[in-house]
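This briefing is for a reader who is new to the structure. Please look over the sequence and the model before reading the points below.

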Amino acid sequence: MRRSRLHYKANRLWSSLVDMTCTIMLVERELAAKMRQGRQPEQKDYPQLPDYMQSLTQAVLKETTDSLRERQRPPPPTEYEMHTIMTTYDYYTALHDRLDAQLQGPVPNNKLNRAQLQKLRFDHVAEVKTAYDKMGDDLPGKIIAALDLAEVAIGCREYATAAETATALEGLLAAAGLDSSVGAEPSATAEEAQTAASHCIQSTPDIGRQNTIRLWLLLGVFRHMNAGYSKARPAYMAAYTKVREISNQENQPAGEENNDAEEWTLPLDPLSLEVCLLVHLADLMIDAKLLLEAKRDFMQALQRKRNSALVYLHLAHLKNLEKDEQGAIHDLQKCIELDPEGVLAHLRIAQIYSAMENGKYIDKAKEHITMAEDLVGGRCDVLMVRGELAFIEKRREPALKFFERATRADPKNSVAYFFRAMVFIESQRNDEAKRELEKAIEIYPEYSIAILQKATLSMNQDASVAKFEQIVGEVERAALCTKTDEDLDECAQLYVTLKAQVESAKQLGFEYIREP
């Protein structure tokens, strides 16, 4: 204890914490020995923690968190995450609907089952990819072919192909010496962001205005999903600027000639696409924790299109983050009013109701889940929310079944396996939980929370120093893969605790952190 205080005064914080941990571990062993002898420990047997203990642990935790954050390399989004994100935007749902209509053909009675439609989608992506691979050195043609491939892949739910194509597009621009990397941080002024957007537009080869819109929207989305906010913002704004040009031309007074007009072929009309891009910008601001700026972009979107279900859907997410649950529910109900077939609004209302006041409104949540099921049946996202509600109600077997059905609907859904693991842990079925976590990590090797949870299970099953040392490495890996500050803080706290215990046990010559 004395040595710990000396280290603390000399600002050797980690050494101070390890010495303190050594003291605690020694006292715990003495207390355990007394209890094995049938003696009841007295108050004086417990260690008196020093007055600096709280400030010491907070300082070490801050240093560790900052160090982990500097080395943090969040992984790219999984296909499940990409699907969850993209299906909330009108442009990509319209792409999907248009492609499915083309693949199924015009005959109403020729409706295909899910497997047949998926086969057609797969073949269509392969066909478009072949056309892209055959493109020569014509840069504009290559860019347009890449855009066709990326959008077909997104429309057909082949997100890995879309992500690879977006990366290839970045490479095409760079190889041609076209500097599209000028950025604008989310906190930059509107003028600075517009300057960066103008640079993007000026660096674009002559591919036509609509293809320019497609290019910068696509690059913006994938930069955004990979946390490249400073490059995503000008990309979105470049697309928005070109859409506004077209909208302004369409609104010219009757009789004025417009020689630059081209047939509009994108899946959304110009005004709806404007609004969609403003929502992308607002969501980027939310992810950058600039909520006031996000609200400004949402308000601008509503000024452009007052009755936009898309805006209300995403604005509700912002209000929920601000702990304004009633405001979020109001906006989601407005979204449903404007788009009665919108499933996501029902699911989000259900999730908000289920989390309010310890499940007080669970019946309202179930009502909205039923409405979602009436619209799309047992779709994967509906099954996931059904499982979450059953878990909240501690109906464990139904929860397991819903999550299992979700994995059958989408075998790449690592989140469903993680939730199954949580249900097994609640039921103290740890071996089964570990198997589910291993499946989740097999699908998504950088799944930080699954890695952390598996490490915690292992820690409770084997208290040897060798095992804890291995777990420290796993927790560090989880921390470096986290995508949110909350997850990083959770990993850092466990990392500090376990690492201090391992180093202390080694100093003391112990083979086990806790006696078997």
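The model is predicted, and the values given here are computed from it.

**Helices α23 and α24**

- Helix α23 spans residues 465-481 and helix α24 spans residues 485-508.
- The axes of α23 and α24 come within 9 Å and cross at roughly 155°. Angles over 145 degrees count as roughly antiparallel, so α23 is roughly antiparallel to α24.
- The crossing in which α23 passes α24 is left-handed.
- On the α23 side, the contact is made by Val465, Phe468, Glu469, Ile471, Val472, Val475, Glu476, Ala478 and Ala479.
- On the α24 side, the residues in contact include Leu488, Cys491, Leu494, Tyr495, Leu498 and Lys499. Gln501, Val502, Ala505 and Lys506 of α24 also belong to this contact.
- Sorted by class, the contact of α23 with α24 has 14 nonpolar, one polar and four charged residues.

**Threonine 64**

- Threonine 64 is part of helix α3, which covers residues 53-71.
- Its relative accessible area is 14%, and under 20% counts as buried, so threonine 64 is buried.
- Leaving aside residues up to four places away in sequence, threonine 64 touches Tyr495 and Val496. Tyr495 is also one of the α24 residues that meet α23.

**Aromatic pairs**

- There are seven aromatic pairs in the structure.
- In one of them, the ring centres of tyrosine 91 and tyrosine 92 are 5.2 Å apart. Their planes stand at 85°, so this pair is edge-to-face.
- Both tyrosine 91 and tyrosine 92 are buried.
- Phenylalanine 418 and tyrosine 447 form a tilted pair, with 5.5 Å from centre to centre and 45° between the planes.
- Where do the two partners lie? Phenylalanine 418 is in helix α20 (residues 414-426), while tyrosine 447 is in the loop between α21 (430-443) and α22 (448-461). The pair therefore ties together parts that are 29 residues apart in sequence.
- Phenylalanine 418 is buried at a relative accessible area of 10%, and tyrosine 447 counts as buried at 11% relative accessibility.
- Phenylalanine 418 and tyrosine 447 also belong to a cluster linked by ring pairs, together with Phe403, Phe419 and Tyr444.

How values were computed
Residues numbered from 1 in each chain as written. Predicted model: local features only at pLDDT ≥ 70, side-chain atom pairs only at ≥ 80, totals over all residues. Heavy atoms only, no water. Axes fitted to C-alpha atoms, helices over the stretch in contact; angles between N-to-C directions. Helix = DSSP H or I, 4+ residues; strand = E, 2+ residues; numbered from the N terminus. Parallel < 35°, antiparallel > 145°, perpendicular 65-115°, else oblique. Left-handed = near helix turned anticlockwise from the far one by under 90°. Contact = heavy atoms within 4.5 Å. Nonpolar A, V, L, I, M, F, W, Y, C, P; charged D, E, K, R; others polar. Buried < 20%, exposed > 50% of the residue type's maximum accessible area, 1.4 Å probe, protein only. Phe/Tyr/Trp six-rings, centres within 6.5 Å; stacked < 30°, edge-to-face > 60°.
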